[in-house]
Amino acid sequence: MDDFSRQRLPSDLITDKTQTPFNIGKAIELHGFEFQEAKPLALGLEEKVNNPQEALKEILNWSGGQPFLSQKLCQLVVQNLADGMTNYRSIQQLVQTRIINNWEAQDEPPHLRTIRDRLLKNKRCIGQILGIYQQILQQGEIVANGSVEQTELRLSGLVVQEQGKLRIYNKIYQHIFSHKWLERQLEQLRPYAENLNAWVASNYQDESQLLKGELLQKALSWSRNHSLSEVDYYFLGSSQELEKLKVKQILDIKEQESIILAEANKTLIQAQQKSKRIVSVGTVILIISLLAATVVGLQVKRANRELAEASISLESFSAKEVYNNISPFDALLSALKVGKQLQQLEKSAPVRLDRRTEVLNTLRFVVSGIREQNRLQGHLDRVTRVNFSPNGKIIASGSEDKTIKLWNIQGKLLKTLKDHRDHISGVSFSPDSKTLASASRDGTIKLWNVDNGTLLKTILAHNNTWVRSVSFSPDGELLVSCGSRGWVKFWNVKDGTLVRKIPAHRTPNGRYYAVTHVSFSPDGTIVASTSFDNKIKLWKVEDGSLLKTLKGHRDEVRVVTFSPDGKTLASSSADKTIKLWDVENGIEIKTPTPRGHRGTVWGVSFSPDGKTLVSSAEDGLVKLWNLEEKGIEPQIFRGHVGIIRSVTFSPDGKMIVSTGSDHTVRLWNVEGLEGTEPRTFTNNQGDVSVVSFSPNGKILASADTDNTIKLWNVADGTLLIVLKGHSGDVFHVSFSPDGKFLASASLDNTVRLWNVKNGTLVQTFKGHSRSVYAVSFSPDGKILASAGDDRTVKLWRLTDQVFLQSLKGHLRSVRSVSFSPDGEVLASAGFDHRVILWSVEDGRMLKVLDRGNLNLVAVSFSPDGKLLASSGGDAAVKLWNVADGTEVRTLEGHGSWVRDIDFSPDGKIVASAGFDRKVILWNVADSTEVQTLEGHLGRVFSISFSPDGKLLASASEDGTVKLWNLTLDIEDFMELGCQWLRDYIVTQNQDEEIQNICRDY
């Protein structure tokens, strides 16, 4: 088709890409071909298609009359369609396959890339230009206003102006420069794109998506050099307002402390001045002066004391802020120092109770949540790769300082291996842990003797190009490596010879994509490779044949790893996601997961049992994902500064090691101090809805969303028995006063009675027409009360399992019931915002306590029966006088629903469990917070005091039951903290103060 090929192309005329394709510095109104104008093109189609004019109309439908695209499509029709076989579907398919699909590679001569480059070239205005284009995509057209940014957009050729409005030139442009393409550009442009999109999607209401702290400062710094869209400025402005509000709150707290300091200083100055005046008094009144001086001395001492206590309060607050925002490890170091200061003060006199409580809460919070156990320092540059030896005794780390370091599990540096001439990009142990393979940017693989650190062999692996990854086969006989030029190679470990090479991510025309990672399947039959081409490929080790290509990532794939059973593959990518794949069929596993990382995900690894996944990313966070519990937020490990490039589990699954651009290797204990404080029971299959102690305190009952009830041995945490029988979720349980029976309430509309000793079902009570949410025994054990969605409270006589009566008065679902200690009154709380007190004897309604417009979910009598506590959707606990029904006080401290409440056996403390993941202990007498227990990763649904009041059990949607020891004091947490730091103090610590503090523990 010479008629088409002789046309001059835009790329032939471009000499200055800052101008239009024809070096025109200002816009000229140009219009695409109309059908009549394009008719000459139909002449070239006559010998190829059966209806040239209809074919031309469909071509113009796609090209919008754009001259170059119209000619190119005509040429493609002639070259690719069979004679006489053309219709709108065949042309549509041709456009899709030969222009739209993989358009950047097929765009020869350049046309679409010219538009892209022109569109993205002006870095200062790109935000506003793309913002305008986004409006056109969403609305179809916008009013032209002649602005500089609109003119820039028009000059790119992507949009045209017609009748005073801007629209996209044609369907081809709309398919290529689509919403998805625009979203990717904006993500690359904005360092906060993910947050912005989520905020907009929430109709600008979700404040959790607004930027804070360092992220906000980085975004503001970046914005100063860019011209942004209106929504960008609105987002950044809202983030600043929220940040100012939070800073103000912090400053208010600090201001209060400053006032205390100022008052103390004032007292001190006054005392000193008074002392001087007294000293100047003559000897005539010496005795009086001495007495007054003594008083002043006491005032000075008191003022100094106040200063010291206020300082401790401030430092305690600071330690908690460091924990939440920077590093729990650094927070632990600070908290131990604060604890020591308090201990020193207490040697002379008791510290003010509220300040002592604050320090205790900080120590408990930090010690209970700590995960980082050691940080290995010694590398002089970014640490790129890390791995455990299969026997779990040695850690190998590779760095951009060109060295590999071997550490023991306690963090002691054993050896430094030096021979590479460039950055280390991979380390892998042989299955017997005796040999280490290292890959480097110098193009070589080196094999090392782990025991003595000697170099065994050097393999010139990838022709002096970057070897990006290396891995031993499970039998130790092969090595697989990958490089920057698209090759995957297999090597014989024994003699270092090349066994096979695969052009894994190379195209037939010679184009190649860097292969970023390779990994063997557990059985050694498959190798997975990842690449800059956004793909994962599975290769048969036996012959190097391609088994599957996995597509789904929108940007380069960084790491791939097999699950221990070889059935699942996990991949991480620069598109900020982690994906799970079914190895057998190659499809992505659609598992609902919470939001992931902000930035490229550099590392991903399965735990040895395959139940957990760990990831690391550009955002400086390590995240631990529970693969069994859907919807649970990942655990977040903070501590690294900057990108975390590598992360992996220890062979026993108890430890995680990570490396970062901060030159450190960090060791994390997965369980933390959960085996010590709090003890954690994890053998649950879903949300744990309720927990309850037996009357003797030896058994703990819990129920989760698998319709079962579990009985645990409190002493050692072993699972005693599982009670099965309900066909719906079990929402509540209650022990009989003698501990022989357990009652359960379920969403299957039934109440069941179980024999605790042998786990047999004694009786099923059917009477509720809808879900049952609460159950409670009377103090004498003769009556069982239940309540549910049918708006009723029902009473059952247990001696003969006879239904007694139904108490009706609630207008909506009843969620909680509680007997008074004397058994004469029953309290119920429901979604009708009311607490109702009933006479157990005759079912009369005695009192109604109205909580306004708030749903109530919990009610509980104090042990002496004088107070009643209720809680619900207002994030508070209210205490009522039972005698007259008046409100005594309100306990406020939770940030969301208070799901459960329980009085301590002595009635001095009331505990509350909230959807804000906290358990708060309150002093009943003065409403002060005694302790705050934090550690659950999900909402806390239930709490229960042990009969002696020394333990508190909590149940959560994170699938755990936690047992908190309430007798632990500051000294105990100091000891736990120092024990946690034992390896760090021995191998790494330079802080003499911490060494001195922990010397006695």
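Modeller: Contact here means heavy atoms within 4.5 Å. Please bear in mind that this is a predicted model.

Colleague: Leaving aside its neighbours within four places in sequence, which residues is Glu934 in contact with?

Modeller: Glu934 is found in strand S55, which covers residues 929–934. Setting aside neighbours within four places in sequence, the residues in contact with Glu934 are Lys320, Phe365, Ser368, Lys918 and Trp964.

Colleague: Is Glu934 buried or exposed?

Modeller: A residue counts as buried under 20% relative accessible area. Glu934 has a relative accessible area of 17%, and therefore it is buried.

Colleague: Which strand holds Ala955, and is Ala955 buried or exposed?

Modeller: Ala955 is found in strand S57, residues 951–956. Its relative accessibility is 0%, so Ala955 counts as buried.

Colleague: How far apart in space are Ala955 and Val940, C-alpha to C-alpha?

Modeller: Val940 is among the residues in contact with Ala955 once neighbours within four places in sequence are left aside; the others include Val688, Phe941 and Thr960. Ala955 and Val940 are 15 residues apart in sequence, and their C-alpha to C-alpha separation in space is 5.8 Å.

Colleague: Which cysteines does a disulfide join?

Modeller: A disulfide requires cysteine sulfur atoms within 2.5 Å, and by this rule the count comes to 1 disulfide. Its S to S distance is 2.1 Å, and the cysteines joined are Cys978 and Cys998.

Colleague: Where in the chain do Cys978 and Cys998 lie, and how many residues apart are they?

Modeller: The pair links distant parts of the chain. Cys978 belongs to helix H19 (residues 970–980) and Cys998 to helix H21 (residues 992–998), and the separation is 20 residues.

Colleague: What is the handedness of the link of Cys978 and Cys998?

Modeller: Both Cys978 and Cys998 are buried. The angle about their S-S bond is -75°, and the link is left-handed.

Colleague: At what angle do the axes of helix H17 and helix H18 cross?

Modeller: Two packed helices are described by the angle between their axes and the distance between the axes. The axes of H17 (residues 328–346) and H18 (residues 353–369) come within 9 Å, and they cross at roughly 150°.

Colleague: By class, how many nonpolar residues has the contact of H17 with H18?

Modeller: Among the residues that meet are Leu332, Leu336 and Glu346 in H17 and Arg355, Val359 and Leu363 in H18. By class, this contact of H17 with H18 has 3 charged and 2 polar residues, and the number of nonpolar residues is 11.

Definitions and conventions:
Residues are numbered from 1 along each chain as its sequence is written. This is a predicted model: local features need pLDDT of at least 70, side-chain atom pairs count only at pLDDT 80 or more; totals for chains, interfaces and linings use all residues. Side-chain values use heavy atoms; hydrogens and water are left out. Helices (H or I, at least four residues) and strands (E, at least two) are DSSP runs, numbered from the N terminus. Buried means under 20% relative accessible area, exposed over 50%, partly exposed in between (1.4 Å probe, protein chains only). Axes are lines fitted to C-alpha atoms, for helices over the stretch in contact, and angles run from 0 to 180 degrees between N-to-C directions. Ala, Val, Leu, Ile, Met, Phe, Trp, Tyr, Cys and Pro count as nonpolar, Asp, Glu, Lys and Arg as charged, and the others, Gly among them, as polar.
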